[in-house]
Amino acid sequence: MRDCFAKRVAHASQFRLFRMMRRVNDPQFVIDPRHSGFVRLDLAELFGNDRRVVLEIGSGKGRFLIAEATSQPDVNFIGIEKSLHYHRVIRDRVAKRGLTNIRLINHDAFLVLRDMLPDASIDEIHIYFPDPWPRKREQKRRIIRSEALTEMKRVLVPGGSGIYVTDHREYYEGAAPVIESFFRSERRIPTADDPPRTNYEAKYREEGREIFEVRFLK
């Protein structure tokens with residue numbers, strides 16, 4: 001009898017996960033511009049409400065995105081991740097937790113910013129450990145560059161804020177002045193009192209790497 005009950009519970013749990021996976025795989029939750037095209041999103045329609053929206057550019061495995069969406073169920077979150085592998089990791093983690101206040105976009109962040117996000121629609125932008133593209137010829141691909149910051153300023157609401165964090169000193173020293181030319185900004189070095197926000201940050205702190213941060217305000 002107990003075995004039958006346990007099997008029924010396990011089956012029900014698997015069915016709920018299956019339903020959530022179907023829901024999270026729905027275009028309403030996972031947006032692929034390769035299929036939908038680069039069209040301006042109506043965020044109130046996308047989320048079914050007009051709550052504040054937080055954007056993370058480069059969500060990795062989703063540590064920040066999932067932790068924040070879990071602790072703030074009354075806030076909407078958008079995670080942009082270009083890597084299909086990591087995008088799928090986040091999607092599956094979101095489904096397992098039953099989080100309905102996250103929307104995921106699998107594409108290049110600059111194109112999403114420029115072509116899909118409306119003016120004054122985002123309350124916060126979070127950018128943690130973006131690819132530094134260290135080679136000179138590749139640096140035009142960095143997310144912290146003038147044309148991308150122009151779009152960030154456009155999509156932020158008045159009084160909206162952002163944060164950029166990196167362990168790459170050269171990228172930081174080049175990026176900070178560019179951010180400061182667009183926004184009111186503060187440079188800071190995270191301390192031991194600042195909890196790691198991503199898996200990279202936790203790893204790099206354990207390794208003793210320097211971490212650099214710029215916070216900015218529109």
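The tour opens with the salt bridges, of which there are 20, each being a side-chain nitrogen of Lys or Arg within 4 Å of a carboxyl oxygen of Asp or Glu. The model is predicted, so local features need pLDDT of at least 70 and side-chain atom pairs count only at pLDDT 80 or more, while totals for chains, interfaces and linings use all residues. Residues are numbered from 1 along each chain as its sequence is written, and side-chain values use heavy atoms, with hydrogens and water left out.

**First stop: Asp 32 and Arg 34**

Select Asp 32 and Arg 34, a salt bridge whose closest N and O atoms lie 2.9 Å apart. Asp 32 is buried at 19% relative accessible area, whereas Arg 34, at 48%, is partly exposed. Here buried means under 20% relative accessible area, exposed over 50%, and partly exposed in between, with a 1.4 Å probe and protein chains only.

**Second stop: Glu 213 and Arg 197**

Next, select Glu 213 and Arg 197, whose side chains form a salt bridge at 3.0 Å, N to O. This pair links distant parts of the chain, 16 residues apart: Glu 213 belongs to strand E8 (residues 212-217), and Arg 197 to the loop between strand E7 (184-188) and helix H9 (199-207). Helices (H or I, at least four residues) and strands (E, at least two) are DSSP runs numbered from the N terminus. Glu 213 is buried, with 0% relative accessibility; Arg 197 is also buried, with a value of 14%.

Move to Glu 207, which forms a salt bridge with Arg 209 at 3.0 Å between the closest N and O atoms. Glu 207 is partly exposed at 45% relative accessibility, and Arg 209 is partly exposed at 37%. Then select Arg 188, Asp 194, Arg 197, Glu 201, Arg 205, Glu 213 and Arg 215, which salt bridges with shared partners join into one network.

Display helix H4 (residues 63-71) with helix H5 (residues 84-97); their axes come within 10 Å and cross at roughly 20°. The axes are lines fitted to C-alpha atoms over the stretch in contact, with angles from 0 to 180 degrees between N-to-C directions. H4 and H5 are therefore roughly parallel, a term for angles under 35 degrees. For the contact (heavy atoms within 4.5 Å), select Arg 63, Leu 65 and Ile 66 in H4, which meet Ile 90, Arg 93, Val 94 and Arg 97 in H5. Four of these contact residues are nonpolar, none polar and three charged.

How values were computed: Parallel < 35°, antiparallel > 145°, perpendicular 65-115°, else oblique. Nonpolar A, V, L, I, M, F, W, Y, C, P; charged D, E, K, R; others polar.
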